[in-house]
Amino acid sequence: MRLVMIGSGYVGLVSGACFADFGHEVVCIDVDEKKVAALKEGKIPIFEPGLDQIVQSNAAAGRLKFTTDLASSVRAADVVFIAVGTPSRRGDGHADLSYVYGAAREIARAVEGFTVVVTKSTVPVGTGDEVERIIRDENPNADVAVVSNPEFLREGAAITDFKRPDRIVIGTEEPRAIEVMRQVYRPLYINESPLLFCERRTSELTKYAANAFLAMKITFINEIADLCEKLGGDVQKVAKGIGLDKRIGDKFLHAGPGYGGSCFPKDTLALVKTAQDADSPMRLIETTVAVNDNRKRAMARKVIAACGGEVRGKTIAILGLTFKPNTDDMREAPSISIIQALIDKGAIVRAYDPEGMEAAETMMPEIEYGQNPYDIARDADAIVLVTEWDEFRALDIGRIKSLMKEPVLVDLRNVYPPQEIIAQGFRHVGIGRQPKSDA
Ligand code: UGA
C-alpha cells in the first residue's frame, strides 16, 4: 500500500519507518527542509533505540522516502496519516490543533481517488469531525474517509510498541475505510494484536483515557510512597502486593519524582479542559495534574532535607536529566523543576545524562555538565539519581563516596537497596521506603 505520513516528528517517523519495514511504500513529509535533507542522508533527529537502523535499511530498499512535497505524495496515496504536533495552547492548556487543520486543508486540495485520512496525532474528541468538515469545504468532490487511529508508543520502546502492540484502536464506521485499515495493519496479523474498530469519537477518547489513567496510576503510587514515608511502609512492596492482583496490574506502579514527557502532562491537561467544557469535569484527573505538578518541587525539598536543611553554597550532583531513560527528550522532565528549586535555594548544580545534555544545556545554561557520574560526584555534598538510565544501576559506590565531600545519595527512582548504600557509609534517602523495612 502507498502510505503518506504528514509530520516527520516522533510519531510520524517511528510509524513511517515501521510501516515501511512491514513492506508498505511510505513517504514521510515535513515542512522543515533541513530535517528532510538530514533524513535523506540517514540522519535521525531524535534518539530512539533501533530507529536509525530501520530508517536506513528501508530507505536503502526504496520503501521509505522523505520529501517536503505534500501535494504529489498525497495524490498518489491510499492512506494519508496526519502525525503533526498538538502542543498545549499557550494560556489555556487546550491542544493546539492548527497544524492538524492546516494539514487537512492541504490534503483536501491534493487528494485524488478514494483516500483514507487518518489522524494519528493525539487530538481531542470531535477533531475528526472537524477534519472531515474542512476537507469537504475545501474540496466538495474529495472522496475521503476520515479515521482516528491513535498511537500508544512509549519513547525509548517505540519500535517494539509499534511492532508488538497490546491493541490497535481504529475509529471509523465506513466499510471501505475499515477494509483499508485492515490491509494497513495486516502485517501484525501473525502477532495476533487485536484490532479494535469503534466509532471515531470513541477512538479519540480512548487515547486520552489511556494516558490519563496511566498518569493517575503513577500519581496514586507516588502518594502511597509519601504515606509510606510517614508511616514506615515500603512502597516497592506495596506496589508488588497490589500489582500481582490482575485487576490492578503491575505496570506503571513505580514511584518516582513525578511523570514528565511530551504526552502525559499535555494530554491530562487537555482532557481536563475538554471535560470542563463539556460540563462533565474529571476531578480525578484535575487532582492528578495538581499533585504531579507539586511533586516535582517537593523532590527538591527532599534533597534539601537530606543535606541537613540547607543547600546554599553546596554542590549537588544530578544523575539523569531526561524525563525517562533511553530518550534525549527533556520536555516536562522532573529534573528541570528540581534543579530550578535547588538553584533558587543557592545550590551549585552539576549534572550528567547519557543523551539529554545537549537539550538540557539550552534550557539550563547556568549549571555545570560533566562527562560521567564520577566526574560530577567530585566534591559534591549530595548526589541525586533522577533518571534511571541503565548505566546508573551498577555504579562503583565506593568510588563515588571517595570522590564526594559528603556521602549523601538521594535515589528518586529506588534503583539501589537502601541497606547496601548505608553499609557503604552513605546517608540514603529513597522514595517511599525506610532503610529498616528493606532489611
Ligand atoms: C506515554 C504512554 O506510555 C504511551 O503509551 C503513549 O503512546 C505516549 O505517552 C504518547 O501519548 O505518545 P511516554 O511519555 O513515552 O509514553 O513514556 P512513559 O513510559 O509512559 O513514561 C511517562 C512518565 O511516567 C515518565 O516520566 C516516567 O518516568 C513516568 N513513570 C512511568 C513513572 O514515574 N512510574 C512508572 O511506573 C511509569
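## Report on a predicted single-chain model

Phe 19, Phe 22, Phe 81, Phe 162 and Tyr 185 form one aromatic cluster. Rings of Phe, Tyr and Trp (the six-membered ring of Trp) pair if their centres lie within 6.5 Å; planes under 30 degrees apart count as stacked, over 60 as edge-to-face and the rest as tilted. The model is predicted: local features need pLDDT of at least 70, side-chain atom pairs count only at pLDDT 80 or more, and totals for chains, interfaces and linings use all residues. Residues are numbered from 1 along each chain as its sequence is written, and side-chain values use heavy atoms, with hydrogens and water left out.

**Overall form**

The chain has 17 helices and 14 strands; helices (H or I, at least four residues) and strands (E, at least two) are DSSP runs, numbered from the N terminus. The radius of gyration is 24 Å, close to the 22 Å that the globule rule gives for 439 residues, so the chain is as compact as a globular protein of that length. That radius is taken over C-alpha atoms, and the rule is 2.2 Å times the number of residues to the power 0.38. Along the principal axes, the C-alpha atoms fill a box of roughly 75 × 45 × 45 Å.

Of the 439 residues, 52% are buried, where buried means under 20% relative accessible area, exposed over 50%, and partly exposed in between (1.4 Å probe, protein chains only). The accessible surface comes to about 19600 Å², and carbon and sulfur atoms hold 50% of it; areas come from the Shrake-Rupley method with a 1.4 Å probe, and for residues only the protein chains shown count as cover. Among contacts (heavy atoms within 4.5 Å) with a separation of 6 or more, 73% join residues 24 or more positions apart.

The chain carries 55 positive and 63 negative charges, whose mean positions are 3 Å apart. Lys and Arg count as positive and Asp and Glu as negative, without His and the chain ends; each charge is placed at NZ of Lys, CZ of Arg, CG of Asp or CD of Glu.

**An aromatic pair**

The whole structure contains seven aromatic pairs. In one of them, the rings of Phe 252 and Phe 264 have centres 6.2 Å apart and planes at 65 degrees, so the pair is edge-to-face. The two residues are 12 residues apart, with Phe 252 in the loop between helix H10 (235–243) and helix H11 (264–277), and Phe 264 in helix H11. Phe 252 is partly exposed, at 30% relative accessibility, whereas Phe 264 is buried at 12%.

Thr 122 lies in the loop between strand S5 (115–119) and helix H6 (127–138) and is buried, with a relative accessible area of 9%. Not counting residues up to four places away in sequence, Thr 122 touches Thr 86, Lys 207, Tyr 208, Lys 266 and Asp 267.

Tyr 99 belongs to helix H5 (residues 98–110). Apart from neighbours within four places in sequence, Tyr 99 is in contact with Val 84, Gly 85 and Pro 87. Asp 30 is 69 residues away from Tyr 99 along the chain, and their C-alpha atoms are separated by 12 Å.
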